[in-house]
Amino acid sequence: MPSDVDGDISMFDRFATTAAGFVSKAWFFMLCVLLVLLWAPSYFLLPDVDTWQLIINTATTIVTFLLVALLQNTQRRADDAVQHKLNAIADGLSDLMGHIGMESADLRRDRDELRAAVGLEDHESAK
């Protein structure tokens, strides 16, 4: 995995995070609208309607393709961070349940169910 939960992220991950912040702003949307508004009158400058359509289709396809890759990277890392936090909460809850209720069969069963549900044993052995 190119990054870990402790904040040691690769240059690409930092770039993807910056790009995601950049494209999520209102002014980026306005820039896209401006691009379309500048493209539309070029219909009268180009001799062929196919060329006119090809220009906007190519530009938007390239931008979409690149943004999907960058945003997917950012989303994956956000999902990993949330999962790590949930695992930490479940681990803490499991430890608390173990300390306060080992004499209760119901609480032991609930603790075992919690640990199995989130795979805490797997996460602990992978550390």
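Predicted model: local features only at pLDDT ≥ 70, side-chain atom pairs only at ≥ 80, totals over all residues.
The protein holds five helices and zero strands. From the N terminus on, its elements run α-α-α-α-α. The protein has 127 residues, and buried residues make up 20% of them. Contacts across the sequence were also counted. Among contacts with a separation of 6 or more, 51% join residues 24 or more positions apart.

On the α1 side, the contact is made by F12, D13, F15, A16, T17, A19, A20 and V23. On the α3 side, it is made by L67, L70, L71, N73, T74, R76 and R77.

The packing of α3 with α4 has another geometry. Helix α3 contributes N87, A90, D91, L93, S94, D95, M97, G98 and I100 to the contact. Helix α4 contributes L107, D110, R111, L114, R115 and V118.

G98 belongs to helix α3. Its relative accessibility is 13%. The cut-off for a buried residue is under 20%, so G98 counts as buried. The C-alpha atoms of G98 and R111 are separated by 7.2 Å. These two residues are 13 residues apart along the chain.

Salt bridges were searched for next. The whole structure contains four. One of them joins the side chains of D13 and R77, with 3.5 Å from N to O. D13 lies in helix α1, residues 11-23, and R77 lies in helix α3, residues 49-100. The pair therefore ties together parts that are 64 residues apart in sequence. D13 has a relative accessibility of 0%, so it counts as buried. R77 is buried as well, with a relative accessible area of 14%. Both D13 and R77 are among the residues that form the contact between α1 and α3.

Another salt bridge links D91 to R115. The closest N and O atoms of D91 and R115 are 3.7 Å apart. D91 lies in helix α3, whereas R115 lies in helix α4, residues 105-118. This pair therefore ties together parts that are 24 residues apart in sequence. Both D91 and R115 are buried.

The side chains of R76 and D80 meet at 3.2 Å, N to O. Both residues lie in helix α3, four residues apart, which is about one turn of the helix. R76 has a relative accessibility of 25% and counts as partly exposed. D80 is partly exposed too, with a relative accessible area of 27%. R76 also takes part in the contact of α3 with α1.

The structure holds five aromatic pairs. One of these is formed by Y43 and W52. The ring centres of Y43 and W52 are 5.0 Å apart, with 75 degrees between the planes. Planes over 60 degrees apart count as edge-to-face, so the pair of Y43 and W52 is edge-to-face. Y43 is partly exposed, with a relative accessible area of 40%. W52, by contrast, is buried, at 14%. Ring pairs link W39, Y43, F44 and W52 into a cluster.

W52 also has a contact with L46. L46 is found in the loop between α2, residues 26-39, and α3. At 25% relative accessibility, L46 counts as partly exposed. Neighbours within four places in sequence were left aside for L46. Its remaining contacts are with T51, W52 and I55.

Definitions and conventions
Residues numbered from 1 in each chain as written. Heavy atoms only, no water. Helix = DSSP H or I, 4+ residues; strand = E, 2+ residues; numbered from the N terminus. Buried < 20%, exposed > 50% of the residue type's maximum accessible area, 1.4 Å probe, protein only. Phe/Tyr/Trp six-rings, centres within 6.5 Å; stacked < 30°, edge-to-face > 60°. Contact = heavy atoms within 4.5 Å.
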